[in-house]
Amino acid sequence: MAEHYVECRSCGQEVQVEDPDDQVGDDSIIRITCSCGANLEVLYDRRRSFRLFVAIRGKFQKATSSGGILIKDLSAHGLRFDTQEPDCLAVGDKIEIEYHTSFSAGKSHIKRRAEIERVDGRDVSASYLD
Ligand SMILES: [Zn+2]
């Protein structure tokens, strides 16, 4: 049985997500509670991975452009976000994503490279390159 973890957006610790049983279909929302008391909503997606719903402001950077983003979910493979600058982004583009998380343990600055997988209006999905 595979073990899955998501990062709690309140305290920053890793919380284990149980494998859903067979009744749970793709794109189901699973609610879990962290030991710190925070309630987390996790999407069990078609790729059999878990995506944590968040609302974190950040930015993307490309060779020629940059813009603000609102990250909507995070998984081990990538992220999904809204941007005001969708015209700057195309499938296959390599970008750098930057955001801050403010967990009780202290602020951490996240910077990761990702490749755009899908652009649907302002809604963009990207997968991590490293
Ligand atoms: Zn927590």
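I looked up strand β6 (residues 66-74) and found it paired with β7 in the antiparallel sense over 5 bridges. Strands here are DSSP runs of E, at least two residues long, numbered from the N terminus; two strands pair if DSSP finds at least two bridges between them. The model is predicted: local features need pLDDT of at least 70, side-chain atom pairs count only at pLDDT 80 or more, and totals for chains, interfaces and linings use all residues. I number residues from 1 along each chain as its sequence is written.

Leu-74 has Leu-79 of β7 as its bridge partner, and Ile-69 has Thr-83 of β7.

Strand β5 (residues 50-61) runs antiparallel to β6, and 8 bridges join them. Gln-61 is bridged to Ser-66 in β6. I noted a hairpin here too, with 4 residues between β5 and β6.

I turned to the other partner of β7. Strand β10 (residues 123-128) is joined to β7 by 5 bridges, and the two run antiparallel. For Phe-81, the bridge partner in β10 is Val-124.

Last entry: why is strand β7 (residues 78-83) largely enclosed by the rest of the structure? I put it down to burial, because 5 of its 6 residues are buried. Buried means that 20 or more other C-beta atoms lie within 10 Å of the residue's own (exposed is 12 or fewer, partly exposed is in between), with C-beta atoms placed from the backbone.
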